[in-house]
Amino acid sequence: MRFSVGLGKDGAEKRLEQNGVSRRDFMKFCATTAAVMGMGPAFAPQVAEALTQKRRPSVVYLHLAECTGCSEAVLRTVSPYIDALILDTISLDYHETLMAAAGHAAEEALHEAVNSPEGFVCVVEGGVPTADHGVYGKVAGKSMLEIVEEIVPKAAATICIGTCASYGGVQAAAPNPTKAMGVSKALGGVTTVNLPGCPPNPYNFVGAVVHYLTKGVPELDSGGRPYIFYGESVHDNCPRLKHFNRDEYATSFTSEEARKGYCLYELGCKGPDTYNNCPKVKFNQTNWPVEAGHPCIGCSEPNFWDEMSPFYKPW
């Protein structure tokens, strides 16, 4: 099935088609993205328009102190393959994991992107080591702290993908010898769109990009998270909520109650204190930890690694 002439611009529909993304799959993806953003099906054409605009938005994707799990989550999403879709609707000018260039060529690409008169969107994955002037994390001879200090202020918008970039992540766990922290805190309170999660759902990332392209920066909560994705608790939308209301709890992972899908609160579930849309969106629109039988560990909350552990004991 071919794209209609009016759907895309500047060859966007052709690029998607060449990567096996049919018009039907693309519009289904746009409808899902619209739903994730809290919009109705009627907003899907606007999502499509944003993702196939004439000039693809330039994106500079920085890797700091992290495990690359957020990038992996994006790359492994299917129906359609989100990596092909994203790479063909934005201009990913710098991404250390994905780009073919290396060494001086990679640094030249970064320099050109951040100094382009058309501007760019910065995406950051990973926390910022700040101790001893940032010496504990370097890329191309520059500390990660120097990199964000140089690049983030130049960006039209900065999206922090994952809990590490948003709040510091596991490398910020006590005693935090490298003084790792989130991008906003490292830069003295610079506004960033935080998409925490370990990893976050890729649809939240796409939704944030689309929102920026169509409506500007979304409304953020006190943790810098978009309300449209993080406005409700995991607990309030959990399919096991009915068991919680009946005081029906699993007492162990091998118990009969666990097999019946009872509430995992007694096994340490932090869903009541965690804000994310995991129950609604799921991963690959198929499953998420609690539905698969694992308690929520609160990975989208600031300092979850210290404040919500031990993970398998109730508060």
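**The whole chain**

Begin with the entire chain displayed as a cartoon. The model is a predicted one. Its chain contains 15 helices and nine strands. Of the 315 residues in the chain, 51% are buried. Consider also the contacts between residues at least 6 apart in sequence: 70% of these join residues at least 24 apart.

**Helix H6**

Next, select residues 103-114, which form helix H6. The twelve residues of H6, at 1.5 Å a residue, should span 16 Å, and the C-alpha atoms at its ends are 17 Å apart, which agrees.

Show the side chains of H6. Which residues of H6 are buried? They are Ala106, Leu110, Ala113 and Val114. Around the helix axis these residues cover an arc of only 90°, and therefore they lie on the same side of H6.

**Helix H3**

Move to residues 44-51, which make up helix H3. Its buried residues are Ala44, Val47, Ala48, Ala50 and Leu51. When H3 is viewed down its axis, the buried residues fall within an arc of 160°, so they line one face of the helix.

**Thr158 in strand E7**

Select strand E7, residues 157-161, and pick out Thr158 within it. Is Thr158 buried or exposed? Its relative accessible area is 5%; residues under 20% count as buried, and Thr158 is therefore buried. Leaving aside residues up to four places away in sequence, Thr158 touches Cys122, Val124, Val152, Thr192 and Val193. Display these side chains together with Thr158 to view the contacts.

- Gly169 lies in the loop between H8 and E8. It counts as buried, at 2% relative accessibility. Not counting residues up to four places away in sequence, it touches Thr163, Cys164 and Trp305. A distance drawn from Gly169 to Gly126, C-alpha to C-alpha, is 7.6 Å, although the two are 43 residues apart in sequence.
- Pro175 is in the loop between H8 and E8 as well. The peptide bond that leads from Ala174 to Pro175 is cis, with omega near 10°.
- Asn176 has its place in the loop between H8 and E8. Its phi is near 50°, a positive value in a residue other than glycine. At 12% relative accessibility, Asn176 counts as buried.

As background, most residues other than glycine have a negative phi, and most peptide bonds are trans.

**Towards the end of the chain**

Select Asn303, in the loop between helix H14 (278-281) and H15. Asn303 has a positive phi of about 60°, although it is not a glycine. With 33% relative accessibility, Asn303 counts as partly exposed.

Continue to Pro310, in the segment after helix H15 (304-307). The peptide bond from Ser309 to Pro310 is cis, and its omega is near 0°.

**The largest pocket**

Switch to a surface display. Rolling a probe the size of a water molecule over the atoms shows where empty space is left. The largest pocket has a volume of about 280 Å³. Of the 20 residues in its lining, those closest to its centre are Ser166, Tyr167, Gly182, Ser184 and Lys185. Which elements give two or more residues to this lining? They are helix H8 (163-167), strand E8 (180-181) and helix H9 (183-186). By class, the lining of the largest pocket has eight nonpolar, ten polar and two charged residues.

**The second largest cavity**

Four cavities of 30 Å³ or more are found in the structure. The second largest cavity holds about 90 Å³ of space. To locate this cavity, select its lining: His235, Cys238, Arg240, Leu241, Phe244, Cys263, Leu264, Tyr265, Cys269, Gly271, Pro272 and Val290. Colour these residues by class, and nine are nonpolar, two polar and one charged.

Notes. Residues numbered from 1 in each chain as written. Predicted model: local features only at pLDDT ≥ 70, side-chain atom pairs only at ≥ 80, totals over all residues. Heavy atoms only, no water. 1 Å grid on protein atoms, 1.4 Å probe; cavity = no way out; pocket = protein on both sides within 12 Å on 5 of 7 lines; lining within 4 Å. Points joined across faces, edges and corners; volume = space filled by probe spheres on them. Nonpolar A, V, L, I, M, F, W, Y, C, P; charged D, E, K, R; others polar. Helix = DSSP H or I, 4+ residues; strand = E, 2+ residues; numbered from the N terminus. Expected span 1.5 Å × (residues − 1). Buried < 20%, exposed > 50% of the residue type's maximum accessible area, 1.4 Å probe, protein only. Arc of directions from axis to C-beta. Contact = heavy atoms within 4.5 Å.
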